[in-house]
Amino acid sequence: MIKEKLSGIFIFVSFVLTLFSYFFKNDFLIIASLFAWISFAFIFSTLKDKKILLILMFLSLISYLICLYNDFKIDYIKLFTVNQYLLTLLIGVVFLRLIATPKKEKNIVFPRGKNSFIKTYLGVHLFGSVINLSSLILVADKMYKKGALTNAQIVLLTRSFASDAYWSPFFVSFAAAMTYAPNLNTSIIVSNGLILAIFAFIITYIDVCKNKEFDIENFYGYPLSLENLYLPVLLATFVLVTNHFYPNTKVIILVSTYSILMVFFILPFKTTLNEARKSIKKHILYELPKMKSELSLFLVAGVFGVLIGSILIGLNLSLPFKVFDWQIASILLLIFIFLAFVGVHPIITIAIIGDYLSGVNHTLLALTFLMAWSTTVSTSPFSGLNMTIVARYDFSSSKIFTLNLSYAFKMYIICTICLFLLSNYLKL
């Protein structure tokens, strides 16, 4: 218990030092990363499933020895800090939970049918675009109190949440894309991602309306009121306005900074100054350590990815294609999907090929990353989203896979068309 509390403190210190290093003294980034790694050391023994991590650590060791034997250049600073900004975003978003919980609604009978489905879908999607998985758990808990989750509810929860990854700058997938494709065009990415999210909703709505198994007329959800959605709108406004005047500032940093500032300014008004202080302290000591799975995976995958990149660069291997266009991107997307279905997390695949593809068009590459993340997280039995649903709501992972498999195929077709149009727009 003491170790977990210390890990929470170190995670928070890492977060603060990362922001400090970005705005004031860049040399502090390695120190910020050091605190993240110390936290990882504290919580490693408490992790339930270490299989993937141990495999990555073993492969990292082998890759490191290969680099040493062949005298391949290793960027040691990058080795330990490559995913630091990504972690910072995740920490900032987790803090938003302190101010993002909707007011308790008493004795309200929510509507059934298509209207309830649409409102619940949009609520989970918009709310989730900022506070991530917390939005899904918030709504799913309310529905689960009334009975076991239905197939229609599972489809809504998985797809509405996962489609955030197509476009939301507040999502970890976006941070990963910006980490490994930093020269992307943010406005193009967000606009294309929003279009994909709209198609995801249309496909889902048609699916539940056409298939009688979903019994859409008797569907009941938990629609979030517009009053509860002020946070996504407010945060997005701050980020977009600042990015307009300071376009060179990383969006990841803006989201992280405004997240913590909003918590410090809004929480005392929602409670009291003393209660706010207690809530923040409790959050650091007890909630931040719960990030241990994501923290561990991002740190270790980052090391493995940099080492693999060093080997590929050291071998001076040329890309197996002349131009990274929509055809190559669609093949890459298919590989991502297949790997995710057999248990390889998208962050691992992105980390492995990120450096190797650093010379291609970053906008097309980043969109491919986001497509892969969003399309697979709703379907793969190994995604954090679906494992959470299985563990928390006693639902079959194989059933989630079968419910969303056709959706993944349809979205792959839509994504391929989107890649084709973007590739032509970029004249690739």
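In which helix does Ser7 lie? Ser7 is part of helix H1.

## Basis of the model

The structure is a predicted model, in which local features need pLDDT of at least 70, side-chain atom pairs count only at pLDDT 80 or more, and totals for chains, interfaces and linings use all residues. Residues are numbered from 1 along each chain as its sequence is written, and side-chain values use heavy atoms, with hydrogens and water left out.

Helices here are DSSP runs (H or I, at least four residues), numbered from the N terminus. Residues up to four places away in sequence aside, Ser7 touches Ser39, Phe42, Ile43 and Pro289. Contact means heavy atoms within 4.5 Å.

Helix H1 (residues 2-23) packs with helix H5 (residues 84-95) at an angle of about 120°, and their axes are 10 Å apart. H1 is therefore oblique to H5. Angles under 35 degrees count as roughly parallel, over 145 as roughly antiparallel, 65 to 115 as roughly perpendicular and the rest as oblique. Axes are lines fitted to C-alpha atoms, for helices over the stretch in contact, and angles run from 0 to 180 degrees between N-to-C directions. From H1, the contact is made by Ile11, Phe12, Ser14, Phe15, Thr18, Leu19 and Tyr22, and from H5 by Gln84, Tyr85, Thr88, Ile91, Gly92 and Phe95. The residues of this contact of H1 with H5 comprise 8 nonpolar, 5 polar and no charged. Ala, Val, Leu, Ile, Met, Phe, Trp, Tyr, Cys and Pro count as nonpolar, Asp, Glu, Lys and Arg as charged, and the others, Gly among them, as polar.

## Helices H11 and H18

Helix H11 (residues 186-210) and helix H18 (residues 362-377) pack at an angle of about 35°, with 10 Å between their axes. H11 contributes Ile188, Ile189, Asn192 and Leu196 to the contact, while H18 contributes Thr363, Ala366, Leu367, Leu370 and Met371. The residues of the contact of H11 with H18 divide into 7 nonpolar, 2 polar and no charged.

## Enclosed helices

Helix H15 (residues 292-314) has 23 residues and spans 33 Å from its first C-alpha to its last, close to the 33 Å expected at 1.5 Å a residue. The expected span is 1.5 Å times one less than the number of residues. H15 is largely enclosed by the rest of the structure, because 19 of its 23 residues are buried. Just after H15, Asn316 adopts a positive phi of about 60°.

Helix H9 (residues 151-162) reaches 16 Å over 12 residues, close to the expected 16 Å. In H9, 12 of the 12 residues are buried, so H9 is largely enclosed by the rest of the structure; among them are Asn151, Gln153 and Arg159. Helix H17 (residues 346-354) is also largely enclosed, because 8 of its 9 residues are buried. The buried residues of H17 include Pro346, Thr349 and Gly354, and they pack against helix H3 (51-70), H5, helix H10 (172-180), H15, helix H16 (326-341) and H18.

## Ala408 in helix H20

Ala408 is located in helix H20 (residues 397-425). With 5% relative accessibility, Ala408 counts as buried. Its neighbours within four places in sequence aside, Ala408 is in contact with Phe341, Thr375 and Thr379. The C-alpha atoms of Ala408 and Ser378 are 8.1 Å apart, although 30 residues separate the two along the chain.

Methods. Helices (H or I, at least four residues) and strands (E, at least two) are DSSP runs, numbered from the N terminus. Buried means under 20% relative accessible area, exposed over 50%, partly exposed in between (1.4 Å probe, protein chains only).
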